[in-house]
Amino acid sequence: MNAVCKAHFQSLSYSRKLVVNRMKREPTRFGRILSFNNQVLLLPSSHTSFSKLIVPSSATTHSLHVLADEDRYDISSTEIRRVIKSHFGGYQEGFTCVTVNCPSCNTLSSTNKEASNDLGKLHINLRTGYSFCTRCFLSGPWSSLASYMKALGASKLKSEKTKICPPGITQHLSQYTPTASTAEANEMRQLWNSAQPIHSLSEETLVPFLDKLRLGDLSMDTLEKVGAKINLNLEQLILPCLTTKDAPFHSIKIITPNRNQSDTIEPDSGPELDEYYRVEEKNIPKQHPWLLGYHLAKNKDEVIVTATAADTLTALDCLAVPAVCLPSGISNLPLATMAFLESFRKITLWLGHGVQGADCARAFARKLGEKRCRLIRSSEETPSALQCRMKGKNVAQVLKTALPMTHKAVTTFSSLRKDVYAEITQSSTVAGVRWRRFPVLSDLLKGHRRGELTVFTGPTGAGKTTFLSEYSLDLCMQDVRTLWGSFEIRNVRLAKMMLQQFSGLMLESETREMFNVVADEFEKLPMYFLAFHGQQDVTSVLEAMSYAVYVHDISHIVIDNLQFMMGTSSSEHSSMDRYYRQDQIIGSFRRFATDNNVHVTLVIHPRKEAMDELSASSIFGGAKASQEADNVLILQDKRTNDPTCRRKYLEVAKNRYAGDLGVMPLEFHKESLSFAPRNKRTASTKVAAAAAANNNNKVNQFTSSSLQSGRGRAQ
């Protein structure tokens, strides 16, 4: 894949500093106590101007996650092999990586004879060039490794005349550091030190505790093998993620009973998901690449990959095959985690989570190599490992039902049978993720599904980008990993609009402290942006999309809009008919959505014709857009007798999945830039806040109910 696309790809935190500088503010008139996401923050009561509040400092300015110019490499897997061989003298071919002895570990082993038999392996991903050592955790992009190899080559030339020391790799690559704050690190150590080892607890104490976690059948031996500890006071089972038996851990998984079950489990979620969310699992730090159970699976040829720690413990207790737990569940598969899985010749993906888990398993199999992956499709007969045990099924027999990933161009009814049954019995989960801000849209489309193409159109200036921003934000808050490609407006303005929709507040009238609280929560969302603006070639856009899907497991892509990919004047397309060119681009996005099993939302402007109401035939170009699309959404903007008042509604003009057509009335709320129905409790709270502002003896309290209503399940 053309690695130049990495330069056109950035994450949420890139725009954060720029958003601050773009925001304007009026003086703050009174002190306020803010309650946001269960955090209480005392805001200043002085008449401080916004320009003084937003001065960047080391404490408030976050690092930018942007790939620099030196990361713009156009290098193929063949070239990576050639370069690695010429500088390291050879390599070991893997499934997704080439592997060489880690120079850093080799340096350490030369002074430590005991470590010489356990050299670390530096894994270089053949698609991205990302390198990672599974022993010393040295990591970096291809540009850093290429810089090291260039310095290494220069030192070899000089060493022929004068003896000089070879360059150190740590000057170019750095040790992987998870995104753990000091507070998270302190919390992890405190929880671990205050917990009790398994062997110190009696069976009378241990069994009732495990029953609360649906793990009452686990043996003491399995818990001791994984190094588990228990905090009886907090009802926590604490599991360290180890790379070797005696190595220090870098992260922990915590299993606790779900005390907010009614808020976590959605109605009509199905019996399997109901059982999943009776316990709550938490990672500290939240983002990390370590695999629970890896120290037990190391040096083995086969492994079972699960999505939850409870499933991993059950598999370890019932099966002879080792099992590991993904760091982020079915959310994503980091490149560093793929390095740990590189040594296994056979990987069985048993992720549970119904149809959603099966979709993610197929995506992970494409990243890991389909030839070595097998899939256990989750159903009533073969649920997750924990569910199998709870229902009295033989876990070993269920493991035998794992099927290889079939060829994508050939299939049979036998391979489709379980999926067909799931379509019948699990209609609510098959329908996809439902919008929480737009329940009417959920009733019509039934949900947001992978592998579909949605065409979105509407008059110029009607609010297409504003609506799509909230439409995608709603899904992203439910852990639908989203990539935004906005060619009309810059990412700074788009991020500012999303931030305002996310918080439900008019941020221009808030302080810098308020902005930081909102932005800290917003930055945790799996939202990414394409760094394109203006006219772009569709090939570059598709390459960037492919990179994002591979590296960050993107499942929803928004392209706003198609017309910006039709104006390029390359020699190949300069003489091509405009309508034919548009049909080609639409076909490319259709194939991309199908081949990568991601949902693509594509904005296309309507024809510039005088018409009172748009229809599917109003989309600019030929009929291919409406034919290829699974869904056609039209933002209607009808004028009334009052020129200052417009009636807007969203029309579902095509719905291939359910066939339901209809309209969803829209009302725009300017203070929050939102089309979602207004939350009555939030409105009443703001009225009370305004009244409190007139009384110097009272303070104003805001709530984050709009945020909490959209928040998805925690992994």
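1. A residue is called exposed when its relative accessible area is over 50%, buried when that area is under 20%, and partly exposed in between, with a 1.4 Å probe and protein chains only. By this rule Lys371 is exposed, with a relative accessible area of 89%. Lys371 sits in the loop between α14 (354-368) and β18 (373-375), and its C-alpha atom is separated by 7.5 Å from that of Pro404, 33 residues apart along the chain.

2. The model is predicted, so local features need pLDDT of at least 70 and side-chain atom pairs count only at pLDDT 80 or more, whereas totals for chains, interfaces and linings use all residues. Residues are numbered from 1 along each chain as its sequence is written, and side-chain values use heavy atoms, with hydrogens and water left out.

3. Helix α17 (residues 413-425) holds Leu416, which is partly exposed at a relative accessible area of 35%. Together with Phe413, Val420 and Ile424, Leu416 forms a nonpolar surface patch of about 390 Å² of accessible area; such patches join nonpolar side chains (Val, Leu, Ile, Met, Phe, Trp, Tyr) within 5 Å, like charges within 9 Å, from residues with over 30% relative accessible area and no salt bridge (a side-chain nitrogen of Lys or Arg within 4 Å of a carboxyl oxygen of Asp or Glu).

4. For the second largest pocket, the lining comprises 27 residues, and Lys121, His123, Thr134, Tyr294 and Lys298 lie nearest its centre. Elements giving two or more residues to this lining are β4 (92-93), β6 (121-125) and α13 (335-340). A pocket here is an open set of points on a 1 Å grid over the protein atoms alone, where a 1.4 Å probe fits, with protein on both sides within 12 Å along at least five of seven lines, and lining residues have an atom within 4 Å of a point.

Definitions and conventions. Helices (H or I, at least four residues) and strands (E, at least two) are DSSP runs, numbered from the N terminus. Accessible areas come from the Shrake-Rupley method with a 1.4 Å probe; for residues, only the protein chains shown count as cover.
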